[in-house]
Amino acid sequence: AGKNEGRDRFVLYDELIHSDRREQLIVGSLRKAMTDYKEFNLVYQPKIALATGKVEQAEVLIRWNHPKLGFISPAEFIPIAEKYSLIHRLTEWVLKETVHQMELWKKEDHFIRQVSVNLSAMHFRSESHNSMIKEIVHHSLERGGELHLQLEITETSVMENLERALMMLGELKQLSLTIALDDFGTGLSSLTHLKHLPIDILKIDKSFIDEVPHDERGTAITEMIIQLAKSLGIAVVAEGVETLEQHEFLKRLGCDYGQGYYYSRPMNVKDLDQQTIERTVRDVG
Ligand code: C2E
Ligand code: MG
Ligand code: MG
Ligand code: MG
């Protein structure tokens with residue numbers, strides 16, 4: 001037993017050093033990559049209207065291809081960008097690029113009409129963070145009229161800064177942005193507060209969708225969230241839909257939108273194809 005313990009401790013220590021080194025490596029590379037942003041690109045994952053099979057909305061997700069380390073997941077580098085105060089500038093880049101893409105799409109009457117951008121959990125830590133969004137939105141409106149931009153925020157980020165978040169969300173709503181509550185069900189849920197939040201969409205977290213329809217608890221929670229959204233009069237999205245069975249079940253429950261690998265992976269702009277995505281749904285009827 002003594003020997004094993006020693007080995008486990010060694011492994012743990014080794015992992016710690018490794019993760020600390022990797023963090024330093026990533027933050028250094030991130031700072032460098034954020035000088036010209038050439039290593040980043042944006043991919044779009046469609047949201048399918050379950051009642052009709054139509055796709056008019058997508059979520060934008062950042063991708064980072066590091067010249068030596070290869071593809072690094074946002075699940076790894078976003079928390080590091082947050083820790084080292086780089087996230088605000090990164091969000092600004094994502095927003096600008098997305099708005100630019102949306103303007104191009106609008107001109108060519110592209111099928112994607114609304115795009116959602118993820119906001120960091122840090123966003124509601126300071127009032128000043130809204131001004132960057134305001135500026136980008138105003139510039140776009142000056143250039144061309146309407147902008148159907150949506151922001152995805154998490155429950156936790158709102159609940160941690162409730163008063164400021166309410167004020168800031170009010171400002172964002174005045175810009176005609178719509179707000180989605182991402183990863184719903186995993187955060188510091190407070191149904192009391194939910195009533196006061198200016199939310200347009202609830203996104204049911206993938207961890208519940210994973211259990212649909214075979215696990216009773218995950219399925220019950222999913223049904224409950226769909227009912228909750230309906231009684232609040234807001235739309236509901238299921239994230240991480242991977243199977244036909246999940247799709248059929250969610251559609252039957254009256255879930256408004258589905259998003260997940262079953263319909264489409266996040267795609268580069270040039271690979272987004274309306275027919276391909278809509279066919280997935282139409283073929284099953
Ligand atoms: P999220 O906002 O909840 O995004 C959903 C994640 O689930 C994405 O991972 C997406 O690729 C993945 N996903 C979608 N459908 C499926 C499915 O059917 N199966 C599986 N296994 N996964 C699916 P991704 O792109 O790796 O992003 C992870 C997280 O990183 C995001 O979670 C979001 O919190 C954050 N993130 C990504 N891009 C941005 C960004 O531009 N800004 C900020 N602040 N955060 C971002
Ligand atoms: Mg999201
Ligand atoms: Mg999500
Ligand atoms: Mg998620």
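Me: By class, how many nonpolar, polar and charged residues does the lining of the second largest pocket have?
Reply: This model is predicted. The second largest pocket has a volume of about 330 Å³. Its lining holds 18 residues, and those closest to the centre are Met102, Glu103, Lys106, Lys107 and Glu146. By class, the lining has five nonpolar, six polar and seven charged residues.

Me: Which element gives the most to the lining of the second largest pocket?
Reply: H3, E4 and helix H4 (129-144) give two or more residues each to this lining. The top contribution is five residues. The element that gives the most is H3.

Me: Which residues are the closest to the centre of the largest pocket?
Reply: The largest pocket has a volume of about 1100 Å³. Its lining has 43 residues. The closest to the centre are Glu59, Leu61, Asn118, Asp182 and Asp183.

Me: Which element supplies the largest share of the lining of the largest pocket?
Reply: Several elements supply at least two residues each, among them strand E2 (55-66), helix H2 (74-83), helix H3 (87-107) and strand E4 (114-118). The largest share is five residues, and it comes from E2.

Definitions and conventions
Residues are numbered from 1 along each chain as its sequence is written. Chains are lettered from A and ligands numbered from 1 in the order in which they are written. This is a predicted model: local features need pLDDT of at least 70, side-chain atom pairs count only at pLDDT 80 or more; totals for chains, interfaces and linings use all residues. Side-chain values use heavy atoms; hydrogens and water are left out. On a 1 Å grid over the protein atoms alone, a cavity is a set of points where a 1.4 Å probe fits but cannot get out, and a pocket is an open set with protein on both sides within 12 Å along at least five of seven lines; lining residues have an atom within 4 Å of a point. Grid points are joined across faces, edges and corners, and a volume is the space filled by probe spheres set on the points. Helices (H or I, at least four residues) and strands (E, at least two) are DSSP runs, numbered from the N terminus. Ala, Val, Leu, Ile, Met, Phe, Trp, Tyr, Cys and Pro count as nonpolar, Asp, Glu, Lys and Arg as charged, and the others, Gly among them, as polar.
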